[in-house]
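Subject: Structure handover

Hello,

Here is the structure I promised to pass on. Please open it alongside this note, which goes through what I found.

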Amino acid sequence: MSGARTESRKAPVGPSPFAVHAAPLPREKFSDPRVTAKGEARAQVPLSRLETLWLNTGTLCNLACATCYIESSPTNDALIYLSADHAARFLAEAKGLDTREIGFTGGEPFMNPEMLPMLTATLEQGFEALVLTNAMKPMRRHEEVLLALREQHGDRLTLRVSLDHHSREVHEGERGPRSWAPAIAGLRWLSDHGFSIAVAGRLLPGEGEAQARECYAALFESEAIAIDARDPARLVLFPEMDADKDIAEVTTACWGILGKSPIDVMCNTSRMVVHRKGEAAPRVVACTLIPYDPGFNLGETLAEASCDVALNHPHCARFCVLGGASCSA
């Protein structure tokens, strides 16, 4: 996977403004799913219910961000386009499990030529749908169909737009030049037409959450975008991730030490479908953040993927447990 992003001509120049500043991750950490480097029992998370099923539409994207956790870019097809036929099988299984929400992530979902049929089928079967998008040209090509889905299904369709920062300079430092104006225009179009919308942003090192929310609120007001920046469901501020930087491993004792529980972690209620290049069919993985690690491969069906998940990756600690974040609505 290394180098997939940097080969793209659309990649931003220079380091990410959101880079994680920490020592390199020691090799002995996150090497055994049962125990930590110190020999302590590693925390595990059961699947209590499948609240959200994520469909990864493929890693191809119209942008090449500086720190995309999944290394999406205009050239990376390590995860190929998910087909509507393959998605239908997982939707049927999810229906039998009383799954509430289907999430679409990529890459940029609207680059997948079968995205609209998959989204339509999701809504017609009664699921709520959450689409993670950059709201740029790939989405704007489908305005007519999106308006029809909005008319038919209302707020069961939510689009969460990636706007990495409330300032153009920082956003484009992460997403590349000329990425700000189209994203704002797409977000404004969604707002003007009454869609259920949210924004996903990030915090700069040293930037407080309260400060960031106030700055986003000022931006939304100036652009006439109908989002309450003080609502954490409508402005999601994600912690930064870097699998190569040191972070504490999560032990069974950490739940009590941190005052947290396995039910707080998103693999307690979600799974993701991916179709890896070279494989005949999609598979189910534990997490939206870890699509390539074979240790998080859980099987070919949702039933097979109902097993416990060992928190054996730096993202488990930095994003989910210590960061307290979740990709679901």
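The buried residues of helix H6 (180-192) are covered by several elements, including H3, H4, strand S5 (157-162), helix H5 (168-175), S6 and H7. Buried means under 20% relative accessible area, exposed means over 50%, and partly exposed is in between, with a 1.4 Å probe and protein chains only. Contact means heavy atoms within 4.5 Å. Helices (H or I, at least four residues) and strands (E, at least two) are DSSP runs, numbered from the N terminus.

Some ground rules come with the model. It is predicted, so local features need pLDDT of at least 70 and side-chain atom pairs count only at pLDDT 80 or more, while totals for chains, interfaces and linings use all residues. Residues are numbered from 1 along each chain as its sequence is written, and side-chain values use heavy atoms, with hydrogens and water left out.

Back to H6. Its buried residues are Trp180, Ala183, Ile184, Gly186, Leu187, Trp189, Leu190 and Ser191. H6 has 13 residues and reaches 18 Å from its first C-alpha to its last. That is close to the expected 18 Å at 1.5 Å a residue; the expected span is 1.5 Å times one less than the number of residues. Just after H6, Gly194 has a positive phi of about 75 degrees.

Next, H4. Leu146, Leu149 and His153 are buried in H4. They fall within an arc of 60 degrees seen down the axis, so they line one face of the helix. The arc is that of the directions from the helix axis to the C-beta atoms. Glu144 and Glu151 are exposed, on the face of H4 turned away from the buried side. The buried residues of H4 pack against H2, H3, S5 and H6.

How do H2 and H4 meet? The axes of H2 (residues 115-124) and H4 (residues 143-153) come within 11 Å and cross at roughly 5 degrees. Axes are lines fitted to C-alpha atoms, for helices over the stretch in contact, and angles run from 0 to 180 degrees between N-to-C directions. H2 and H4 are therefore roughly parallel to each other. The cut-offs are under 35 degrees for roughly parallel, over 145 for roughly antiparallel, 65 to 115 for roughly perpendicular, and oblique for the rest. H2 brings Leu116, Leu119, Thr120, Leu123 and Glu124 to the contact, and H4 brings Val145, Leu146, Leu149 and His153. These residues divide into six nonpolar, two polar and one charged. Ala, Val, Leu, Ile, Met, Phe, Trp, Tyr, Cys and Pro count as nonpolar, Asp, Glu, Lys and Arg as charged, and the others, Gly among them, as polar.

Now H1 (residues 84-96). H1 has 13 residues and reaches 19 Å from first C-alpha to last, close to the 18 Å expected. Ala84, Ala87, Phe90, Leu91 and Ala94 are buried in H1. They cover an arc of only 120 degrees around the axis, which puts them on the same side of H1. Asp85 and Gly96 are exposed on the other side. The buried residues of H1 pack against strands S2 (52-56), S3 (101-105), S8 (270-274) and S9 (283-285), and against H2. Asp98 follows H1 and has a positive phi, near 60 degrees.

Two loop residues deserve a look. Asn134 sits between strand S4 (128-133) and helix H3 (137-140). Asn134 is buried, at 4% relative accessible area. Leaving aside residues up to four places away in sequence, Asn134 touches Cys61, Asn62, Leu63, Glu108, Val161, Ser162, Arg175 and Ala183. Pro205 lies between strand S6 (196-202) and helix H7 (209-222). Pro205 counts as exposed, at 51% relative accessibility. Pro205 and Phe18 are 187 residues apart in sequence, yet 6.8 Å apart in space, C-alpha to C-alpha.

Most residues other than glycine have a negative phi, and most peptide bonds are trans. Ala135 is not a glycine but has a positive phi of about 60 degrees. Ala135 counts as buried, at 0% relative accessibility. Ala224, also not a glycine, has a positive phi of about 55 degrees. Ala224 is exposed, with a relative accessible area of 54%. The peptide bond from Gly106 to Gly107 is cis, with omega near 15 degrees.

Best wishes
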